[in-house]
Amino acid sequence: MRPSVLNPLFASASGIKGIGQKLDKVLAQFLRGDATASTRVVDLLFHLPSGVVDRRFRPKIVDLPKEGIVTIEVKVGRHKPPPPFNKRLPYRVEVSDQTGSLTLVFFHAFAEHLQRSLPEGETRFISGEISWYGEEPQIAHPDHILTAEDFSRMPLIEPVYPLTAGLSPKILGRAIRSAVERLPDLSEWQDAAWKKKHGWPDFSVALKALHSPQVSEAPSITSATRLRLAYDELLANQLALSLVRGHMKRAAGRSFVGDGALQAKIIDALPYKLTGGQTFANAEIRADMASPSRMLRLLQGDVGSGKTVVALLALATAVECGAQGTFMVPTEILARQHLTSLAPLCTAAGISIAVLTGREKGKQREDILDRLAMGRIDILIGTHALFQEGVEFKNLGLVVIDEQHRFGVHQRLALQAKAGRATDLLVMTATPIPRTLALTVYGDMDVSKLTEKPAGRLPIDTRVLPLERMDEVVAGLGRSIKAGQRAYWVCPLVEESELVDLAAAEDRFKHLEQTFPGRVGLIHGRLRGPAKDAVMANFKSGALDILVSTTVIEVGVDVPEASIMVIENAERFGLAQLHQLRGRVGRGSAKSTCLLLYQEPLGPTAKARLTIMRETEDGFRIAEEDLRLRGAGEMLGTQQAGLPLFRIADLAAHGDLLAAARDDAALILARDAELKSARGEALRTLLYLFERDEAVKLLSAG
Ligand code: ADP
Ligand code: MG
């Protein structure tokens, strides 16, 4: 249960004056990435200002500066509405003090509104940017027009917040001020000596200081105030991960010492030799599985580095020991593909393998579940469907999660909790996550890396072309196909809507089908299972030369014979996605080409992305650039889960604190594993504050 002291912070923000239903939705989308949620006070509190405006300068009119923000006390004079026949002229209002006069200028003004806020003869406080029309001072669209009473309540140093469409700075500022008033005093969770050493303020003091700045410059991202809050968030993150890890490790593992017989049969049946990296990773995994503590290992290897076979070998080890294994993948296509490619190897080794996705229903599903429960299926490949009710293994020993980055952090935590007691865990990712980021998502997971690609791979020739050159591209494609090559053609991400994406892909399919009748296939997420299989099979066998698709082929699809990748509207894709897509080619022995077609004009970020793609195939470098261009949350795909990874910490600026937070978390749990001490209690509050509730649940479960 969340400590009651936090209740005011997790209360709905709609209790705050000025936040109606409509604004609540706007804010929820903006601050939580989810318009169906409701905004809470804490969401406002964690929305930090990006700058400040200093309104303390209060000159007389005669002393007005050439430029800058001023706040003046004036008497309102004559209103001069624009002539009715020329609405493009501004509405002007004369104001004055004892030393001179000045004009307030409003374009497209609502006369009534101005008459109400600036009644002739009254005193008003005006704040805004000064400008000069020859010798005449003006303020166009003042930021504030206030009565003496309102003015007395307005902070003269005003925080400036990032905004979104439909959100006015005044309303947001006011709402956040109310939120700050609700901030309770919380017991300190940071170590006193550590806090003192860095000169950090209390949590609530820091948050208040950021929202009500007292000096004219916003505190830098590395100020004590910001660092304090960033560290709080990072500590919550690391503590949560350590708890999850501790919980899993504590649930004593099993020792799987395989005799290597099945592995040997699989390796014999492979049409190629394992790379050094694969052999080494396999040895690491075997040793880890053999140890009595539980395996929590990340297998990291760029697209095409050959992770799948390493996973199979690990699964075979479990089977050698009489246990079962499961292989979880993010898409149905990938599940079928793994089945197709692994089945012959399993047959050679006498391992029984099956697949379970949303497509298996009724009798067929029951049959699979029965055999699974009886231990007659050794390896089960599947999608999320694997973790539905009714799926019971007889003796599950190893869980492998493929393309890990497609699952959000929250899903992953839930899954780890659900994966059960004594199972080993191997997660695989093609996203070469920079070290800092890996720490935030995996904590101290053990890592195996595949650094080399299988021998004989040629570099991919990547070209960037404007869409206008489509005809040339199609003509070139014709020549390549004649020469026996096969191509993917990926259609753009138009919106977050699958239907719209689909329409674009269908149009392209028709267009290409006219030029290459009978040689083009279309695949997308809405296609029914068997139809999808048929298209994939035809492309794999060479019955089709061109596969038009939405982004469903992004992850994992493996057709080594395909050597051309065309990506339409490449400017709309993220770097990681482009890298994944390009990784679909360059897998066979033929020289591969990737054509990135873009729509002009190209924005600076899109341009940077395409340039990087042309310059390098190094997944690690691409990931680093991606982090730089996009920020952490998006990169890890956690945005799909609706939440950014961090709200306050910025890994680029606060990365150094992360290692400290990791060590701190380890120390805390070594002393107080159940967080029962007074500080432990405070740390539980911290976990709730940053919504690491899953981790706290593990604590109470013991
Ligand atoms: P990823 O790491 O992207 O999941 P895959 O496991 O799909 O990569 O492997 C990519 C391709 O490389 C597959 O066609 C696979 O059969 C092939 N492959 C894997 N290991 C080797 C190897 N040692 N030598 C040659 N080809 C290999
Ligand atoms: Mg793969």
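These are my notebook entries on a predicted model of one protein chain.

**Entry 1. Overall counts**

I began with the whole chain. The protein chain has 702 residues, and 53% of them count as buried. I found 26 helices and 21 strands in the protein chain. The exposed surface comes to about 31100 Å², with carbon and sulfur atoms supplying 53% of it. Taking contacts between residues at least 6 apart in sequence, 75% join residues at least 24 apart.

I looked up E94 next. E94 sits in strand β3. Is E94 buried, partly exposed or exposed? It is partly exposed, because its relative accessibility is 22% and buried means under 20%.

I listed what E94 touches, leaving out residues up to four places away in sequence. The list is K75, V76, G77, R78, K80, S101, L102 and T103.

K80 is partly exposed at 28% relative accessibility.

**Entry 2. Other salt bridges**

How many salt bridges does a search of the whole structure find? The search finds 31 salt bridges. I wrote down a few of them.

E136 forms a salt bridge with R92, and the closest N and O atoms are 3.6 Å apart. E136 lies in strand β6 (residues 136-140) and R92 in strand β3, so this pair ties together parts 44 residues apart in sequence. I checked the accessibility of both partners. E136 counts as partly exposed at 27%, and R92 counts as partly exposed at 24%.

R336 forms a salt bridge with E360, the closest N and O atoms being 3.0 Å apart. R336 is in helix α13 (residues 332-349) and E360 in the loop between β11 (353-356) and α14 (362-374), so parts 24 residues apart in sequence are tied together. Are R336 and E360 buried or exposed? Both R336 and E360 are buried.

I also noted a network: salt bridges that share partners join R32, R40, D43, R647 and E691.

**Entry 3. A positive patch**

I searched the surface for gathered charge. K17, K170, R174 and R177 gather in a patch of positive charge there. I followed up one member, R177, which lies in helix α6 (residues 169-181). R177 has a relative accessible area of 36% and is therefore partly exposed.

**Entry 4. Backbone geometry**

I turned to backbone angles. Most residues other than glycine have a negative phi, and most peptide bonds are trans, so I noted the exceptions below.

Which residues does the cis peptide bond join? It joins E600 and P601, with omega about -5°. P601 lies in the loop between β21 (593-598) and α21 (604-615).

H108 has a positive phi of about 45° and is not a glycine. H108 is found in the loop between β4 (100-106) and α4 (111-117). With a relative accessible area of 70%, H108 is exposed, as exposed means over 50%.

N569, also not a glycine, has a positive phi near 50°. N569 is in the loop between β20 (562-567) and α20 (575-582). Its relative accessible area is 6%, so N569 is buried. I note the contrast: H108 is exposed, whereas N569 is buried.

**Entry 5. A148**

A148 counts as partly exposed, because its relative accessibility is 48% and exposed means over 50%. The C-alpha atoms of A148 and F125 are separated by 6.7 Å, the residues being 23 apart along the chain.

Technical notes. Residues numbered from 1 in each chain as written. Chains lettered and ligands numbered in written order. Predicted model: local features only at pLDDT ≥ 70, side-chain atom pairs only at ≥ 80, totals over all residues. Heavy atoms only, no water. Patch = residues over 30% accessible without salt bridge, like charges linked within 9 Å, V, L, I, M, F, W, Y side chains within 5 Å. Areas by Shrake-Rupley, 256 points an atom, 1.4 Å probe, with all protein chains shown as cover. Salt bridge = Lys/Arg side-chain N within 4 Å of Asp/Glu carboxyl O. Lys, Arg positive; Asp, Glu negative; His and termini not counted. Charge placed at Lys NZ, Arg CZ, Asp CG, Glu CD. Helix = DSSP H or I, 4+ residues; strand = E, 2+ residues; numbered from the N terminus. Buried < 20%, exposed > 50% of the residue type's maximum accessible area, 1.4 Å probe, protein only. Contact = heavy atoms within 4.5 Å.
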